Amino acid sequence: MKEIGKIWMNGKLVPFKDAKVHVLTHALHYSTAVFEGIRCYNTPKGSAIFRLPEHVDRFFRSAKLYSMKMEYTKEQITDAIVKTVKASTLKECYIRPLAYYGYGTMGLTPTPNKVDVSIACWEWKMGESKAGKQTGAKCKISSWLRIDSRSQPMQAKAASNYANAALARVEALKNGYDEAIMLNYHGKIAEGSAENIFVVKDGQIYTPPLTSGCLAGITRDSVIQIIESNGMDIAEQELERDDLYSADEIFMTGTAAEVKSVSQVDDVTIADGKMGNVTKSLQKSFMDVAMGKDERFIHWLQYL
């Protein structure tokens, strides 16, 4: 990772290399942290942060679900995100706000500790999201089940949730796949390790409901709104493993992934193994929105 610009920590911009925490930081031991992933795009009209208010809202909602007392308002965090991006000098980047129980009292109970907040951004390249952009990603149904709301609040974008996802991702990579697809405790499709999932069958688009245990992805919501605005049909319903194998197309969405195609699930090739027309269309539509070329969704962009 290139150390470019500065990182915002508890109200101050500090040099990238000096953004450090104590080894006894509570979140490091007990995974008591929540975060966001946000994109800033280099559009023809300048750098613009995508759906910033929605990300900040979810950031605070996640904190509330973990009883975190934030010392900053939404307006202050929004302003800090903009300042951090500007300080980076990057025209396009990935932004990571993080709230975590800091150094103070050790032990399982987090609440005696202060909630620290940091905001970092870094240069974004294709990286993990490359598979599925030009050619379809190969996915494995994970042997690890997606945890659900009986265990943890699944609508919090919490670090602890991603330990579960990381196990699934590593398993998939070790077995020669690009990504994992996780089932919930009822055997229904939940989501990828870091993406929401959509299936196209006979001209209809389907995606699992939030009750399946998937995160309320902001890219997921964006794509659903784009689908509806483009006059296409979308239904939220529970999906079986068989629905993936028999699909005409499968695609995934996420802040990093944007819209990516899936060409294979386990040892089953999806349709002819090539990116489908619906996925291609939505890839283009989403990027038109992100680049400020679609006036219907221009309000989703906050220009710097």
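Predicted model: local features only at pLDDT ≥ 70, side-chain atom pairs only at ≥ 80, totals over all residues.
Student: Is helix H2 parallel, antiparallel, perpendicular or oblique to helix H3?
Tutor: Helices (H or I, at least four residues) and strands (E, at least two) are DSSP runs numbered from the N terminus, and axes are lines fitted to C-alpha atoms, for helices over the stretch in contact, with angles from 0 to 180 degrees between N-to-C directions. Helix H2 (residues 52-65) packs against helix H3 (residues 74-88) at an angle of about 125°, their axes being 10 Å apart. Angles under 35 degrees count as roughly parallel, over 145 as roughly antiparallel, 65 to 115 as roughly perpendicular and the rest as oblique. The angle therefore makes H2, relative to H3, oblique.

Student: How many residues in the contact of H2 with H3 are nonpolar, polar and charged?
Tutor: Contact means heavy atoms within 4.5 Å, and on the H2 side it is made by Leu 52, Val 56, Asp 57, Phe 59 and Phe 60, with Lys 74, Ile 77, Thr 78, Ile 81 and Val 82 on the H3 side. Ala, Val, Leu, Ile, Met, Phe, Trp, Tyr, Cys and Pro count as nonpolar, Asp, Glu, Lys and Arg as charged, and the others, Gly among them, as polar. The residues of this contact accordingly divide into two charged, one polar and seven nonpolar.

Student: At what angle do helix H5 and helix H7 cross, and which classes of residue make their contact?
Tutor: The axes of helix H5 (residues 218-229) and helix H7 (residues 277-290) come within 10 Å and cross at roughly 105°, and H5 and H7 are therefore roughly perpendicular to each other. H5 contributes Thr 219, Ser 222, Val 223, Ile 226 and Ile 227 to the contact, and H7 contributes Leu 282, Ser 285, Phe 286 and Val 289. By class, this contact of H5 with H7 has no charged, three polar and six nonpolar residues.

Student: How many disulfides does the model contain?
Tutor: A disulfide is a pair of cysteine sulfur atoms within 2.5 Å. The sulfur of Cys 93 has its closest cysteine sulfur in Cys 121, at 4.3 Å, which is too far for a bond, and Cys 214 is in no disulfide either, since the nearest cysteine sulfur, that of Cys 139, is 16 Å away. By this rule the count of disulfides is zero.

Student: Is Lys 91 buried or exposed?
Tutor: Lys 91 is found in the loop between H3 and strand E6 (93-101), and, leaving aside neighbours within four places in sequence, Lys 91 is in contact with Cys 40, Tyr 41, Asn 42 and Ser 47. Buried means under 20% relative accessible area, exposed over 50%, and partly exposed in between (1.4 Å probe, protein chains only). With a relative accessible area of 57%, Lys 91 is exposed.

Student: Which residues does Ala 63 touch, not counting residues up to four places away in sequence?
Tutor: Ala 63 has its place in helix H2 and, at 0% relative accessibility, counts as buried. Ala 63 and Ala 156 are 93 residues apart in sequence and 7.5 Å apart in space, C-alpha to C-alpha. With residues up to four places away in sequence not counted, Ala 63 touches Val 34, Met 68 and Met 70.

Student: What is the phi of Ser 67, and what is the phi of Ala 271?
Tutor: Most residues other than glycine have a negative phi. Ser 67 is found in the loop between H2 and H3, and Ala 271 lies in the loop between strand E16 (268-269) and H7. Each has a positive phi in a residue other than glycine, with Ser 67 near 55° and Ala 271 near 50°.

How values were computed:
Residues numbered from 1 in each chain as written. Heavy atoms only, no water.
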